[in-house]
Amino acid sequence: MTTTVDLVPGLVTTREAIADAYGCGTFQGIEPADEAGMVFVYSDPSAGEEYGYTFDGRADDDELGPLYLYTGAGANGDQKPSGRNGSLLTAAEKNREIHLFVAHGKVPGGGAMQQRYIGQMVLDAIKPYEVRRGPGKDKAMRNVLVFRFRPAPGTTPAWTEADRQPAATKSGYEITDPLVAVPTPVKLPKQSGAKVKDIEQHATAETIAEIIAGQRKVLRREGELVAAFVAHLKAAGHTTHSFEFAIEGEPGKLTPDVYDATDHVLYEAKGLTTRANVRMAIGQLLDYRRHVPGKETLRVAVLLPSAPTPDVQKLLAEQNIGLVYQTDDGFAGWPVV
């Protein structure tokens, strides 16, 4: 290490300067710096556009706050949660910091790309990445890992409106596998006492940990429910898949859970049998079904781990939405009529 670079959000620098200061590489999107205890991530949405997808960028805030999406490493074939991608998943447990940069034009008078420092990030502790469909450098469609970054506790990222995910230029869909595995949750980064105190007015650190642990369990339960139902459908000789819908003028993708191609039924699964979860599923199905090929004859249904209350069942019936729920010996309500 021959130079010093102060990582202040908003700093404009180069990969070479970061490599000189922290001892990492300069060519890959994910560059671990083992001795410095850091992993540097370089996001360049234009690189994805070259291949035919634009996953990178600031997504809409959700109930847990700001979110930045980042496409993992691997130019061709399905991306795997190992190698450089694995260095992100294990960063917290190895006590390594993740630092995010975005491409910021060329160095004046030179050919090197400038990098603007966004700030220190952590992976979403509940769902560290999603699996999306996109073309590789060889133009063949494959599974792409899209990492979900959040600002590290106590930090303020220097992102701008220009860093938001670009909107889709046209509507369309890809057929996807409904059995994409639920990612293994990553360990939470350590927090100092001061950072914990900042959030005490809302909840204790223990409460936050319990909420995240609970959401992890619900997500896992939902994934297991979908897997069991798909196995049930396949045993009955049905063909299943799902979709990724791109909507013109909007960033991101719509991703329903399961489509039964044999019976032309779209299912949305929830890991909890509560009114709030069923209401969310109803809204999602009303949105999704507008984009499914053959929507005029499409049937939709909510998939649950157990029977909801009689009034929730009545709500679904009044909306002409099917109800399928898991039992000890199979799935009640299937096939949907």
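**Confidence, surface and packing**

The accessible surface of the protein comes to about 16,900 Å², and carbon and sulfur atoms account for 50% of that area.

Reader: Over which residues does pLDDT stay under 50?
Author: This is a predicted model, and the protein averages a pLDDT of 87, with 87% of the residues scoring at least 70. Where pLDDT is low, the predicted coordinates should not be read in detail. One stretch, for which the model has six contacts beyond four places in sequence, stays under 50, namely residues 191-205.

Reader: What percentage of the contacts between residues at least 6 apart in sequence join residues at least 24 apart?
Author: The secondary structure of the protein comprises seven helices and 16 strands, and buried residues make up 42% of its 337 residues. Among contacts between residues at least 6 apart in sequence, the share that joins residues at least 24 apart is 62%.

Reader: Which strands are among the elements covering the buried residues of H1?
Author: Helix H1 spans residues 15-22, and its buried residues are Arg15, Ile18, Ala19, Ala21 and Tyr22. Just after this helix, Gly23 takes a positive phi of about 75°. The cover over the buried residues of H1 includes strands E1 (12-14), E2 (30-33), E3 (38-43), E6 (97-106) and E7 (113-123).

Reader: Are H6 and H7 roughly parallel or roughly antiparallel to each other?
Author: Helix H6 (residues 275-288) packs with helix H7 (residues 310-318) at an angle of about 10°, their axes lying 11 Å apart. Because angles under 35 degrees count as roughly parallel, the relation of H6 to H7 is roughly parallel.

Reader: How many nonpolar, polar and charged residues does the contact of H6 with H7 have?
Author: On the H6 side the residues are Arg275, Val278, Arg279 and Ile282, and they meet Asp311, Val312, Leu315 and Leu316 of H7. Sorted by class, the contact of H6 with H7 has three charged residues, no polar residues and, for the nonpolar class, five.

Reader: Is Leu303 buried or exposed?
Author: Leu303 is found in strand E14, which runs over residues 299-304. Beyond its neighbours within four places in sequence, Leu303 is in contact with Leu225, Phe229, Glu268, Ala269, Lys270, Val324 and Phe331. Because its relative accessibility is 0%, Leu303 counts as buried.

Reader: What separates the C-alpha atoms of Leu303 and Trp334?
Author: Along the chain, Leu303 and Trp334 are 31 residues apart. In the predicted model, the separation of their C-alpha atoms is 10.0 Å.

Terms used:
Residues numbered from 1 in each chain as written. Predicted model: local features only at pLDDT ≥ 70, side-chain atom pairs only at ≥ 80, totals over all residues. Heavy atoms only, no water. pLDDT = per-residue confidence, 0-100. Contact = heavy atoms within 4.5 Å. Helix = DSSP H or I, 4+ residues; strand = E, 2+ residues; numbered from the N terminus. Buried < 20%, exposed > 50% of the residue type's maximum accessible area, 1.4 Å probe, protein only. Areas by Shrake-Rupley, 256 points an atom, 1.4 Å probe, with all protein chains shown as cover. Axes fitted to C-alpha atoms, helices over the stretch in contact; angles between N-to-C directions. Parallel < 35°, antiparallel > 145°, perpendicular 65-115°, else oblique. Nonpolar A, V, L, I, M, F, W, Y, C, P; charged D, E, K, R; others polar.
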